[in-house]
Amino acid sequence: MKIEESEKLLPKSVFDEMKAKIKEYKISSDKTISKITEETIKAYEKSLICPAESIGIISAQSIGEPGTQMTLNTKHFAGVSEMNVTQGLPRIIEIFGARKQSSTPSMKIYIKAPHNNNEKFIRQFSANILETLLKDLSKEINVDLINFRVEIVLDLNEMRNMNVSMEKILKQISLSKIKAEIKEEGDKIYFVSKNNEVNDLFKLKVQASEIFISGIKNITQVLPQKKISEFVILTAGSNLKKILIIPEVDIQRTITNDIFEISNVLGIEAARTAIIEEGMNVFNEQGLSIDVRHLMLMADVMTHDGIVKGIGRYGVSGQKSSVLARASFEVALKHLFSAAVHNEVDELKGVVENIMINQPIPVGTGAYKLKLKEVKKK
Amino acid sequence: MVKEKIGSIEFRVLSPELIKRMSVVKLITSELYDADGYPIEGGLMNLRMGVIEPGLRCRTCGGRVKECPGHFGYIELARPVLHIKYLEFIYSSLRSTCSHCGKICLDEKTLEKLQLKMNIVKKHQGELKSWDVSKEIISKAKNALACPYCGEKRIKIKLKKPYFFYEDKTRITPIDIRERLEKISDSDCELLGVNAVGGRPEWMVLINFPVPPVTVRPSITLESGQKSEDDLTHKLADIVRANQRLAENLNAGAPEIIIEDLWDLLQYHITTFFSNENSQIPPARHKNGRALKTLSERIKSKEGRFRKNLAGKRVNFSARSVISPDSNIKANEVGVPQVMADELTIPERVTSWNIEWLKKMIKNFPQYPCALYVFSPDGRKRKITDESKELLLEELSQGFIVERTIMDGDTVLFNRQPSLHRMSIMAHKVKVLPGNTFRINPLVTEPYNADFDGDDMNLHIPQTEEARAEADELMDVNTQIISPKFGMPTIACKQDHLSGLFILTRKGEMFSKEEAFQLLARAGLNEADLKFDKSGNVSGKEIFSCVLPKDFNYIGKSGLKDEKHEDLTVKIINGKLVSGVIDDKSIGSKKGLMLAEIVKNYDREDVNVYLQRMSLLGIAVLDMKGFTVLSSDSDLPEKTVYEIKDELKQAISKVNKDIESFKKKEMIALPGRTLRETLEQKIINSLNNARNKVGLLVLKNASSDNCSIIMSSSGAKGNVLNLAQMAGCVGQQVLRGFRLKRGYESRVLPHFRKKDLGALPRGFIKHGYKAGLNPTEFFFHGITSRDSQMDTSLRTPTSGYFQRRLINALQDFKVYDDLSVRTSDNHIIQFKSGEDGIDVSKSDAGKIDIDLIIKKVENK
C-alpha cells in the first residue's frame with residue numbers, strides 16, 4: 001500500500017508521525033514503506049476504541065482519581081508575596097466547575113520581536129500596563145478633621161517611575177465623579193468634603209485613594225521574567241481584551257488563565273483549548289500523568305453547545321434531559337416537582353435511570369442485544 | 001432474562017379525581033386500632049390499604065405480604081389546602097394572570113411573539129430551555145397595571161412565607177386561589193410552563209388528599225408487644241383529626257375566626273406531611289422532641305431514597321474480609337477462606353452433561369465441594385439437608401437448578417473501596433485456602449490501592465452465565481494491566497520485586513549452579529538453559545533472562561544516575577538480557593516500558609505468568625541475599641559528617657552575608673521583586689542547595705550493599721532525599737511557599753531574637769532525623785507536619801465530591817458505532833472519540849508506537 005493511500009485511513013496525527021518517522025529513519029525502499037504503512041494501519045485498527053464503551057465514565061475516573069493525590073495548597077511563585085497561582089485540586093475544581101471568577105487570574109504577555117529583548121522597553125511597558133490607583137502614587141493619605149478634607153501627599157519619585165504627570169492625575173480625578181472639591185497645592189492634593197460629616201470624610205478617603213490613574217484595569221502586579229531568549233511578562237490579574245489591543249504585544253502567544261475571559265474575547269474553540277491546556281498544566285505540575293483525550297472529552301462536554309458550562313448542579317448535570325438522572329445528583333425534590341408541573345417524560349436512556357428500575361444499562365454490553373435465529377426442525 | 005421493559009416514566013400532577021379513583025378506601029377516623037388491637041375500618045391502618053403482617057391477606061387484592069404492593073386511600077378535605085411544594089408555581093400563575101378573567105396580562109401581540117419564541121426554543125434547544133421563556137412571560141406579565149382583555153385593575157399579589165397569599169392587605173384563601181387558577185385556559189397554562197395535560201394549576205391546591213398505603217409506612221411491634229407507628233402514620237393521624245374538627249365546626253356553623261384557625265392547622269399538618277424542613281415553619285416533632293421524618297426527607301440527600309436505595313443497591317452473594325498477601329497465587333486469583341467457600345454459591349442448571357456431577361455434589365452435602373439448595377422447575381427452593389438429600393437426588397432431573405458452593409477456578413468480582421477507577425473492581429479466579437483472610441498477589445495492590453495494614457475488601461459472586469462471561473472477558477485482571485488513564489501498566493512489579501531484581505541484574509552479580517537453580521525453582525521454572533562460566537558460575541542477568549519470553553527484544557533505559565554506566569541501556573535480544581539493570585523504569589508501574597512492551601506482544605495470560613515469575617524471582621533473590629534496612633544505612637564516616645557540617649556552616653554564613661547586604665541595602669533586587677522578596681528567594685535557594693549537596697555527600701559514601709540506597713535507586717521505595725534527611729540534615733521547613741514566620745511577635749519561637757531573618761530562627765533544621773532534632777527544630781518540624789496532615793484530611797472529602805460530580809456529569813456519554821461520542825439523547829460531543837478513535841488502554845501511552853513498527857519491519 002502506498003503511503004498516500006493511508007491518509008484517509010489514519011488520523012492526521014498518526015499519519016504525520018508515521019511520515020516524519022520514515023524520513024527520520026531515512027527509509028527509501030518503497031517496499032519497506034508500504035510494509036510500514038500496512039503495519040501502522042493494522043496497529044491503529046487494533047487500538048481503536050470499542051463502540052458502546054462508556055468513555056464518559058472512564059474519562060471522569062481518569063481525571064478524578066489523581067485528584068486524591070493532589071495538594072489542596074496553593075503554590076506561590078517562589079518568594080514573591082501575593083503573586084500566587086491556584087494549583088492542585090482547587091484549580092482543577094475551578095476549571096471544570098467553570099467558576100465565573102477565577103481565584104487567581106494571571107496572564108503571560110509576550111512582546112513582538114524587536115522589543116522582546118529590550119530590557120528598558122520591557123520595564124517601561126510593565127509600568128504602563130500596571131493598574132495604578134491614586135494610593136499607589138501617594139506617600140501619605142491623611143484625614144484633616146479641622147478643615148474637613150482629605151489630604152493626599154504625592155510621591156514624585158513613584159510618579160516618575162510610573163510615568164504619570166500631575167495633569168494626568170488631575171484629569172483622572174475629574175473623570176472619577178468623586179463628590180468633593182479638589183484643590184491642588186504643590187505635591188499635595190486636597191479633597192474638600194461638601195458636607196461636614198465625619199463618616200463621609202472617611203468614606204471620601206477610601207474613594208479618593210481608589211481613584212484609577214493609569215495602566216490597565218485588573219492588572220494588579222507585573223513581573224517581567226527573562227526566559228531563554230526573550231522577556232515574558234507575568235501578571236496578577238487579567239484583562240485580555242485591553243492587552244491584546246496594544247500593538248507591541250504578540251497576540252498569538254499572549255494568554256490568560258481565565259477561561260471565561262478567553263471564551264468572551266477569543267471564542268468558544270479557544271476556551272476549549274484553554275480548558276485542555278490549563279487542566280494538563282495542573283496535572284503536569286503535580287507530577288501526575290493523564291492522557292489528553294480525557295481532558296479533551298471533558299472540554300468538549302463543557303463547551304459543545306457554545307457556552308462554557310461547568311460540571312455540577314448548575315452546569316452539565318443540571319441540564320440533562322432525564323428527570324431521574326438530575327434527581328439522583330442533587331436537589332432531588334426540586335427536579336421531581338418541576339417534572340410533574342411540566343409533565344416531563346423520562347425516556348430512560350441514561351445509565352442511572354436504568355439502574356434505578358433494575359434494567360440493563362445502555363452502555364457497553366448492555367447497548368446491544370443478542371439476535372437468535374431459530375432453526376426450524378425438519 | 002428481561003422479558004418486559006419499562007419504556008418511559010411520565011411525571012404528572014395528581015388530579016382530585018385521580019386521587020379518588022386510585023384509592024380503595026376513604027379515611028374517616030384518626031383511630032388506628034380498636035380495643036383488641038385490630039385495625040379499624042376506615043382507619044389509617046385498615047386492611048384494605050395493604051398488608052404488613054405475615055400470614056394476613058390484603059382485603060383489596062388478596063395478596064400476601066410480598067405480593068400486595070399496597071393501595072392508596074384518600075381523605076376528603078373540608079376546605080382546600082395549598083401544596084407546599086407547588087407554591088412557587090401557584091404564585092407565578094397568580095401573579096401573571098388576571099384575577100377576573102384568568103388570562104395572562106399581556107397584549108395579544110407580545111404574547112404571540114413569546115409563543116413563537118417558545119416554540120422555536122423548544123424545537124432547537126429542548127424543553128428544559130423553553131421554561132426560561134415561561135419565566136420571561138411571567139416576569140413581564142406580573143407588572144401589567146390592568147388586564148388588557150377585561151380591563152380589570154390589577155392588585156399586586158404578595159406571598160407571605162410560608163404559605164399565605166395577600167392581595168394588598170386582604171388574604172386570599174385557598175378557595176379563592178383555586179377559583180382563580182381554574183379560570184386559566186389550557187393554552188395559557190402552556191405559556192406559563194404548566195402542561196395542562198400533566199396537571200391543571202388548580203390541582204396544586206388539594207381538595208382530596210392521597211394517603212399512602214401501609215406498606216409505605218409499616219408499624220413495628222416492639223418486644224413489649226406495643227405497636228410503634230411510622231412517622232408518616234403519626235402525621236396522617238394529625239391530618240385526619242384536624243380535618244375532622246374543621247368539618248365539624250363548619251357543620252356547626254362556628255364563627256369565622258375558629259374556622260380559620262382550624263383551617264390553618266390543617267394547612268400546617270399537610271405542609272409538614274410533605275416536607276418537615278421548611279423555613280419559617282416549625283418542624284413537627286415527636287413527643288420526645290425528635291423532628292418527624294416525612295416524605296421529603298425520605299427522598300432527599302445521601303441517605304434518601306434516590307441515592308441510598310435507587311442509585312445504589314444492596315446485594316446478596318457477597319463477602320468481606322481483611323486482605324493479606326500471597327505471592328504464590330497468580331495475580332488473577334484470589335484466596336478465599338474456607339468458611340466463605342462453604343456458604344457462597346453459584347446456581348447451576350441441570351443438563352444431561354452435568355447431572356451426574358451435580359448429583360455427586362448433592363451426595364457430598366456436608367463436606368465442602370457440595371450443593372446447598374435445589375430449585376425445582378416450579379420455582380420452589382429447597383435446602384439440602386441430611387434428611388432431604390436422598391429425596392432430592394431421586395427427583396433431580398433436567399430443568400432443575402442446583403446452587404453449589406464456589407470452587408477453585410470460579411470467576412468472582414473483587415473490589416476495594418473507594419472505587420475510584422474501573423480497576424477498583426476486577427474479576428479474579430477463586431482459590432480456596434485455609435485461614436480467614438482474602439489472599440491477593442501483591443502485584444494487584446497497585447490498581448486497588450491496597451496495602452495489608454488491615455484493609456478490607458469485598459467479593460461478589462456473579463450469578464448468571466452472562467455476568468460470568470462479561471467478567472471473564474472484560475474485567476479479568478489480565479485485561480486490566482494497562483491503565484486507561486495514561487496507557488501504561490498499573491499491574492507491575494513493586495517494592496521487594498524491584499529491589500530483588502535490581503540486585504540480581506546489576507553488574508558483577510554471580511551465582512553458583514545450586515544458587516541459580518534454587519532461584520529459578522522459586523520463580524516456578526523447572527528447567528532452564530543457563531550458560532555457566534569456567535568456574536561454574538552464572539551471572540544474575542543470565543538468570544533473569546530465564547523469566548523473560550524467549551523471543552523478546554527490547555531496548556530502553558534504566559534509571560541509573562551515572563550517564564556512563566554500562567548498565568544504563570537495558571538491552572534484551574531474543575529473550576536474553578545483554579546489558580542494563582532492571583528497575584522501575586523497565587518493570588515498575590506507570591513507568592515500566594519493558595513491561596508495556598511485553599504486554600503488547602504476548603498473550604495476556606502469558607504476561608501474567610511472566611510477571612509472577614519476575615516477582616517471585618525478585619523475592620527469592622532477597623531471601624537468598626538477605627535484605628533489611630539497617631540503622632547503619634544512614635551512618636556516615638566521620639569525614640563525611642565533618643564535610644556536611646562544613647557545608648551547612650557555609651550555607652548559613654552565606655545566608656547571614658545576604659542578610660547583611662540586605663540590611664545595608666547593597667543587594668540588587670531581581671526584576672519585578674522587592675528587596676525583601678529577593679532576599680527570601682536567595683536564602684531559600686542557598687539552604688536548599690546545601691541540603692541537596694548533603695544528599696550527594698550521603699550518596700557518595702554509600703556502599704553498593706546499602707539496602708536503603710538499593711531501594712531508592714531501584715525505584716522500590718523512597719528517594720535519596722529521604723536518606724539525606726535521615727543521615728544528614730532535614731532542611732528548611734516551608735509553609736505555603738515561605739519560610740516559617742508566624743508564631744510569637746516578630747519571631748516564630750521565643751528562643752530567638754525578634755526580627756531575626758537568619759536561617760535557624762526561621763525554620764531551618766540542620767540536624768538529621770537520626771542525630772535527632774533539637775527542641776526548636778522539633779517545633780518547626782511540627783508546624784509543617786500539621787500542615788500536611790490537615791491537607792490530607794481535608795483533601796479526601798473534597799476530591800470525593802469532585803469525583804462524584806465528574807462521574808455524574810459524564811456518565812451517559814458513550815461511543816457510538818461510528819466512534820462518535822454522544823449523550824444519551826444523541827447530542828454529538830465528539831465526532832471521533834479522543835479525536836482519533838484510539839482507546840488509551842490499547843495504546844502506547846496514548847500513541848501508536850511507530851518506532852516499534854519500523855524496527856519490526858526492518859528486522860524482517
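**Note on the predicted model: a helix pair, a hairpin and domains**

1. In chain A, the axes of helix H10 (residues 259-266) and helix H11 (residues 268-285) come within 7 Å and cross at roughly 155°. Axes here are lines fitted to C-alpha atoms, for helices over the stretch in contact, with angles from 0 to 180 degrees between N-to-C directions. H10(A) is therefore roughly antiparallel to H11(A) (angles over 145 degrees count as such). Helices (H or I, at least four residues) and strands (E, at least two) are DSSP runs, numbered from the N terminus.

2. This is a predicted model: local features need pLDDT of at least 70, side-chain atom pairs count only at pLDDT 80 or more, and totals for chains, interfaces and linings use all residues. Residues are numbered from 1 along each chain as its sequence is written, and chains are lettered from A and ligands numbered from 1 in the order in which they are written.

3. Which residues of H10(A) meet H11(A)? They are A:Ile259, A:Ile262, A:Ser263 and A:Leu266. Their partners in H11(A) include A:Ala274, A:Ile275 and A:Glu278. Contact means C-beta atoms, placed from the backbone, within 7 Å.

4. Chain B has a hairpin of E23(B) and E24(B), with two residues between the strands. Strand E23 (residues 569-573) and strand E24 (residues 576-579) pair in the antiparallel sense over three bridges (pairing needs at least two bridges in DSSP). B:Ile573 stands opposite B:Lys576 in E24(B). B:Asn574 takes a positive phi near 45°.

5. Chain A is divided into domain 1 (4-46), domain 2 (132-214) and domain 3 (320-367). The bounds come from an automatic or database domain assignment. Taken over C-alpha atoms, the centres of domain 2 and domain 3 of chain A are separated by 60 Å.

Definitions and conventions:
Angles under 35 degrees count as roughly parallel, over 145 as roughly antiparallel, 65 to 115 as roughly perpendicular and the rest as oblique. Two residues are in contact if their C-beta atoms, placed from the backbone, lie within 7 Å.
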